[in-house]
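Me: I would like to go through this structure with you. Can we take it one part at a time?

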Amino acid sequence: LVYPVDPKRQHQYRNNEQQQTPSIRVMTWNILAQALGEGKDGFVQCPLDALNWAERKYLILEEILTYRPDILCLQEVDHYYDTFQPILASLGYHSTFLPKPWSPCLEVAINNGPDGCALFYRRARFSLLHTSHLRLSAMMLPTNQVAIVQMLRCRETGQRLCVAVTHLKARSGWERLRGAQGADLLQSLKAITSRAAGSDPVSRGPGGGSGTEGVPLIVCGDFNAEPSEDVYRRFISSPLGLDSAYKLLSADGQTEPAYTTWKIRPSGESCSTLDYIWYSHGAFTVDTLLDIPTEEQIGPDRLPSYHYPSDHLSLLCDVSFREPRDQPH
Ligand code: NDP
Ligand code: CA
């Protein structure tokens, strides 16, 4: 197999070497649930062989371990207990898993349990302050989508940050539900980060929990929504001060990538931007982003393939806490 990740994918912004504290590397990835890939998705241009778990899992692990993120947010995980939890634990990661209440994986004859979101962090860099497992609501009603929110403390600096992973409702026709799920998640994040703010002397200071700003946030996931959708607008305009890291890959710094997933189903080809890394722009700067593979690298049969184990691409960035003098105006 050809190594799937081109080292040239690394997109450098600024030299981080002078900084006193190392940046925080964040990865998010919808890794494609094994049961869905083999049993439900209908990727007509992808040979079934390329979806064989015994080999595909090494491509997923290889990509994760190439970059060794400090924080890893995965969606569509249906091999947590037998694969990702034990392997990543042996490499120094703490992790937590939250299955969907009614995972569609369970409708596939050969399944490995429900799929869900998983959140990993490197124990060497962070200690855990609090975990919230959320079932997202829409118009007060519980839905089939979940989120994990964790409050972490940087071991080196004592600063706190709040990290979240989610996977919103898929498919067209469900835009309003996604909007409502996003609103519910934002409300929970506001409650969690403002409750924690002000209670912690170590994190006080710009962006670090002054009591009004809340704890800095990183929110990752497969939002199943293009940037034109309501849920995207809700995130970018929320009072939490979030911005989307991958906009910085574009020439004007304002445009999301052309795609984060690209697949061919019997209904046709679908090339869309659905995955995001949101960050508190008052508290963090984005130092580095991993480039999106080109159309040529992805190839004519699109994703997944023998080279790319999921129909979604991984997103990865390095963020740093802003220095006090570095605050935006
Ligand atoms: P979603 O609509 O959010 O989609 C589930 C998965 O299907 C996602 O991982 C999504 O991937 C993938 N997907 C998206 N588009 C397609 C497509 N065109 N073809 C195949 N797969 C696709 O699922 P829900 O969470 O709403 O769950 C729906 C499923 O769960 C149904 O199959 C339903 O029968 C079952 N269910 C059962 C219940 C019960 O009472 N037993 C209750 C609720 C649901 P991606 O995000 O990458 O696009
Ligand atoms: Ca999927």
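Me: In which strand is the place of E76?
Reply: This is a predicted model, where local features need pLDDT of at least 70, side-chain atom pairs count only at pLDDT 80 or more, and totals for chains, interfaces and linings use all residues. Residues are numbered from 1 along each chain as written, chains are lettered from A and ligands numbered from 1 in written order, and side-chain values use heavy atoms, without hydrogens and water. Strands are DSSP runs (E, at least two residues), numbered from the N terminus. E76 falls within residues 71-77, and that is strand β3.

Me: Which residue coordinates the calcium ion (ligand 2)?
Reply: Donors are N, O and S atoms within 2.8 Å of the metal (3.2 Å for Na, K and Ca); water is not among the atoms, so sites may look incomplete. Here the distances are 2.2 to 3.1 Å, and both OE entries belong to E76.

Me: Are the residues of strand β13 buried or exposed?
Reply: Buried means under 20% relative accessible area, exposed over 50%, partly exposed in between (1.4 Å probe, protein chains only). D275, I277 and Y279 point one way from β13, and Y276, W278 and S280 the other. Six of the six residues in β13 are buried.

Me: What is the bridge partner of I218 in β13?
Reply: Two strands pair if DSSP finds at least two bridges between them. Strand β9 (residues 217-222) runs antiparallel to β13, with five bridges. In β13, I218 has as its partner Y279.

Me: Which residue in β13 does S244 stand opposite?
Reply: Strand β10 (residues 242-244) also pairs with β13, antiparallel, over three bridges. Opposite S244 stands W278.

Conventions: Helices (H or I, at least four residues) and strands (E, at least two) are DSSP runs, numbered from the N terminus.
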